[in-house]
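Thanks for asking me to look this one over. Here are my notes, written so that you can follow them with the model open beside you.

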Amino acid sequence: MSELIKDLGLLINAMLIATPPLLFAALGSCFSERSGVVNIGIEGMMTIGAFTGAVVAYFTGNGWLGFLCGGLAGAAFGVIHAIACISFNADQTISGTAINFLAPGLAVFLCKALFDNSSDSPALDTAAKLPKMFNGVFKAGSFGYNVLNTYPVAYLCFALVLLVWFIFYKTRFGMRLRAVGEHPQACATLGIDVYRTRYICVIASGFLAGLGGAYVTLSTVSQFRPSVIVGQGFIAIAAVIFGNFKPQGAMKACLLFGFCNGVKALLGANNIVSPHLISMIPYVVTILALIFFVGGSRVPAANGKPFVKAK
């Protein structure tokens, strides 16, 4: 029984490590997609957030400042995406793809410029990372240690789901956000500023994706590497589709993918299955989720369609 409880604690711990970056990025994607702008640049925005968070924390010794700056770096690329897609009516898929090349490339370039031609940033001291809750309260390896002695951001992202849900369904801005993603022309005739609403949502999308990337380097990995995000942005987008473009649905999907990472960590720790097969679990589940559930998702009617204001 004690081994079962220990394994359960390890599983929950792995979920609390893997789910937050996905959930931050997925909530950001919800903002963009529900407003009518496709944002597949989430991966790139997470990467630049991961780089910025690690570098700011390294030079300042403040993990929280690094976390915030990571979000702001993602927001900066959200601005670029918004200008291209909203102001200039660029193809949204191409713009997002360009960001997925531009942001990681810029991150590696700046990393080499700052750290003696190295594509990896120096490892962060424990004091420069995000702090843990209840540090020293529980015995290492115990159930309480694995579940509660984790980063507060891991629980903050779940509170953020409630906040985003409230914004979407209980505020005037949320009503306009959803309407703009469905019938932008009708919204414009009613005096709703479609451009401003979409700008806010796309920038918020980048900010949250940047926070997700910064969480990775400021908690689990402790440094920036070019492969630090490894497809998590695309998994977050899949979670949004799987969750029917709703924050609560995206959370359930992210928990599923986080659970898969937990199973991966548990099987890897026990040497039950080949590590190469284990590493495939989250991606296989993502593909299966898209195959079996994407047909049941209702995409916002104006999603991906440029809005041109009638003169």
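The points below go from the ground rules to the pocket, the core, some helices and a few single residues.

1. **Ground rules.** This is a predicted model, in which local features need pLDDT of at least 70 and side-chain atom pairs count only at pLDDT 80 or more, while totals for chains, interfaces and linings use all residues. Residues are numbered from 1 along each chain as its sequence is written, and side-chain values use heavy atoms, with hydrogens and water left out.

2. **The largest pocket.** Its volume is about 470 Å³. A pocket here is an open set of points on a 1 Å grid over the protein atoms alone, where a 1.4 Å probe fits and protein lies on both sides within 12 Å along at least five of seven lines. Grid points are joined across faces, edges and corners, and the volume is the space filled by probe spheres set on the points.

3. **Its lining.** The lining (residues with an atom within 4 Å of a point) has 21 residues, and Ala18, Val230, Gln232, Asn261 and Lys264 lie nearest the centre of the pocket. Two or more residues each come from helix 1 (2-34), helix 9 (194-220), helix 10 (232-242), helix 11 (247-270) and helix 13 (281-293). Helix 1 gives the most, with 6 residues. Helices are DSSP runs of H or I with at least four residues, numbered from the N terminus.

4. How do the lining residues divide into nonpolar, polar and charged? There are 13 nonpolar, 6 polar and 2 charged. In this scheme Ala, Val, Leu, Ile, Met, Phe, Trp, Tyr, Cys and Pro are nonpolar, Asp, Glu, Lys and Arg are charged, and the others, Gly among them, are polar.

5. **The largest nonpolar core.** This core has 60 residues, of which Phe24, Phe67 and Phe224 touch the most other members. Helix 1, helix 2 (42-60), helix 3 (63-87), helix 4 (92-114), helix 6 (152-170), helix 9, helix 10 and helix 11 each supply at least two residues. Such a core is a set of buried Ala, Val, Leu, Ile, Met, Phe, Trp, Tyr and Cys residues joined through side-chain atoms within 4.5 Å. Buried means under 20% relative accessible area, exposed over 50%, and partly exposed in between, with a 1.4 Å probe and protein chains only.

6. **Phe24 up close.** Leaving out residues up to four places away in sequence, Phe24 touches Phe67, Val153, Cys157, Leu160, Leu208, Ala209, Leu211 and Gly212. Contact means heavy atoms within 4.5 Å.

7. **Helices 4 and 6.** Helix 4 has 23 residues and spans 32 Å from first to last C-alpha, close to the expected 33 Å. Helix 6, with 19 residues, reaches 26 Å, close to the expected 27 Å. The expected span is 1.5 Å times one less than the number of residues. Buried residues of helix 4, including Gln92, Asn100 and Cys111, belong to a set that packs against helix 2, helix 3 and helix 10.

8. **Helix 10.** This helix is mostly covered, with 8 of its 11 residues buried. Among them are Gln232, Gly233 and Ile235. Just after helix 10, Asn244 takes a positive phi of about 60 degrees.

9. Asn89, in the loop between helix 3 and helix 4, has a positive phi of about 55 degrees although it is not a glycine. Val230 is not a glycine either, and its phi is about 40 degrees; this residue sits in the loop between helix 9 and helix 10. Asn89 is partly exposed at 30% relative accessible area, and Val230 is partly exposed at 44%.

10. Beyond four places in sequence, Val202 is in contact with Ser32, Val37, Gly78, His81, Ala82 and Ile86.
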